Structures are given as structure tokens and as C-alpha cells.
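Please look over the sequence and the model shown here before reading on. The report that comes after them is meant to be read with both in view.

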Amino acid sequence: MDKKVILVVDDEPRSRQGIKKTIERTSPDQYEVITAANAAEAIERISHEKIHVLITDIRMPEVTGLELLKKLKEKAKDPVVIVISAYSEFEYAHEALELGVVNYLLKPIAKEKLMEAIDKAIELEKQREKTGMFNKIVDDKLLEMQQLSKYNRAVKEAMDYIDQHYDEELTLKEVAIQVHLNASYLSALFKEELQVTFSEYVTRKRIQEAKKLLLSTDLTIAEIAEKSGYQTSKYFIKLFKQYENTTPNGFRKQNENDS
């Protein structure tokens, strides 16, 4: 059986290679994983070989992930697309869906969620080859998003509030009050629209901000933990290792070595 080809596009070498290794280790016999460091390189690869699934970062220098998708549409090249983002900006999810993206994942990406997204993408790719029903699937997805549009504003407001207050103690109840919703209802909306729980979204945001501080400052781990919203460095280190498969100090040293 021929392997399905997955193209991973990300300007960050660690992220690009990390996704590649995760896929290869999890499903060594199913997929051939190739990489590109930017949109121009990705377009070149897609122009000359069959790509079944495209996994692209949304924020890249010169040409963004969304601009890459627009260029591929112009060229009538349409691999099944999974978008990844470290920025948690919900506006991008809307535009991505309009461009036919089938999944939108937030960094740091858990191995299980990545492989689940790839499995779904491969199933969709098989359906497209057999039935030509891709346009209908996209239209149905857009219709679903339009029906949910009245809820999107509340989720977006909640995300904005979290992004502004991630360094403080945050509870679901507190954020729900800020967006004028019942806490359990807001929790359900997070799960439905972002495919992550409220607490997981907060954790991902904090870990992402901590990574920025680890790479751009000389702050101690305890200071970074506090600035990231954690009262104890012990709990911060535990979560960081869970999401990044390394300690904060390990992450800092690895990136120093890469540099």
C-alpha cells in the first residue's frame, strides 16, 4: 500500500521537525512526511508531487499560512489542510474554514490531537478521491459555522479576556461572568468550537507565553512561572513537561543550542 504524503510547513525548525517525528514515530508505515520552511518552498513541492495532507503554520514571515492556501486555490491545488497556530486568534479560524481547512489546532499540539486530526484528514482525502464530495463537505462546514456565529462572539470575548489576564488566577466562572454567560454553557461552547476545554485553552496560552519568556529573557524559572499565571514553579514545571516533553530549563538549553 502506497504511503500517504504529508507536507509540514513551519518556519520554526523545532516545531517542523517535532511534528514530523511525532507522525513518523506514531505511524511509521502509513505516512511519508516531508517538510518546508516557508510558503514558497511548499508551493514548489506541491507543484511537483502529490500531497495528500498539508499541515501549515498560520503565522510565517513573508507569506502567511492563509496566503499560502489562497495561492494554492489559485493554482487549483487542494490537499486536505490542517492549520496550526501559536497565537490563538479566533479570527484566523474563520478565514481558515472559508478556505477549506478541515482542522485548526493550537500550539502546543498534543500528540493525540495531531494524529486524530491527521486521521480525519486522510479519511476526507479518501472521500474526495472516491466521490468528489469535497465541495459539499466544505459547504456543510461553512453552514455549520454560520449557524454557530451567534455564539462565536462570546467565545472570542472569552479568549480575549484570557489572553489579557492569563498571568492572573483565572476560573471558568470568572470568565463566564465577563462574557455574560452561564459557566457550564461557556465550557460547552469552548469544547464545541475550539475542540479544547476551558482549562486546556488557558494552559496552552500560559505555556506559549512561558516559552516566549524562556527564549527572550534571563528570568528564572520561578519568575517565569509567576508571570505565566502559576503560583508555584513545581506545578508550572510539571505542566510544561507534560505539554513540551521537556522541562523549562531543557527547552531553554535546547533552543540555545539550536541557535
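This is a predicted model: local features need pLDDT of at least 70, side-chain atom pairs count only at pLDDT 80 or more; totals for chains, interfaces and linings use all residues.

Residues are numbered from 1 along each chain as its sequence is written, and side-chain values use heavy atoms, with hydrogens and water left out.

The secondary structure of the protein chain comes to 13 helices and five strands, where helices (H or I, at least four residues) and strands (E, at least two) are DSSP runs numbered from the N terminus. Of the 259 residues in the protein chain, 47% are buried; buried means under 20% relative accessible area, exposed means over 50%, and partly exposed lies in between, with a 1.4 Å probe and protein chains only. Among contacts (heavy atoms within 4.5 Å) with a separation of 6 or more, 66% are between residues 24 or more positions apart.

Helix α10 (residues 198-216) packs against helix α12 (residues 233-244) at an angle of about 95°, and their axes are 11 Å apart. Axes here are lines fitted to C-alpha atoms, for helices over the stretch in contact, and angles run from 0 to 180 degrees between N-to-C directions. The helices α10 and α12 are therefore roughly perpendicular to each other, on a scale where angles under 35 degrees count as roughly parallel, over 145 as roughly antiparallel, 65 to 115 as roughly perpendicular and the rest as oblique. From α10, the residues E200, T203, R204, I207, A210, K211 and L214 make the contact, and from α12 the residues F236, L239, F240, Y243 and E244. Sorted by class, the contact of α10 with α12 has seven nonpolar, one polar and four charged residues; Ala, Val, Leu, Ile, Met, Phe, Trp, Tyr, Cys and Pro count as nonpolar, Asp, Glu, Lys and Arg as charged, and the others, Gly among them, as polar.

T203 is found in helix α10 and, at 12% relative accessibility, counts as buried. Leaving aside residues up to four places away in sequence, T203 touches Y230, L239 and Y243.

Rings of Phe, Tyr and Trp (its six-membered ring) pair if their centres lie within 6.5 Å, and planes under 30 degrees apart count as stacked, over 60 as edge-to-face and the rest as tilted.

| Pair | Centres apart | Angle of planes | Class |
|---|---|---|---|
| F190 and F198 | 5.7 Å | 80° | edge-to-face |
| F190 and Y201 | 5.7 Å | 65° | edge-to-face |

F190 lies in helix α9 (residues 183-194) and Y201 in helix α10, so their pair ties together parts that are eleven residues apart in sequence. F190 and F198 are buried, and Y201 is buried as well. Elsewhere, ring pairs link Y230, Y235, F236, F240 and F251 into a cluster. The charged end of R206 sits over the ring of Y230, 5.2 Å from its centre; this requires NZ of Lys or CZ of Arg within 6 Å of the ring centre and within 35 degrees of the ring normal.

Most residues other than glycine have a negative phi. H180, in the loop between α8 (172-178) and α9, has a positive phi near 60° and is exposed, with a relative accessible area of 72%. N245 lies in the loop between α12 and α13 (248-258); its phi is positive and near 60°, and at 69% relative accessibility N245 counts as exposed.
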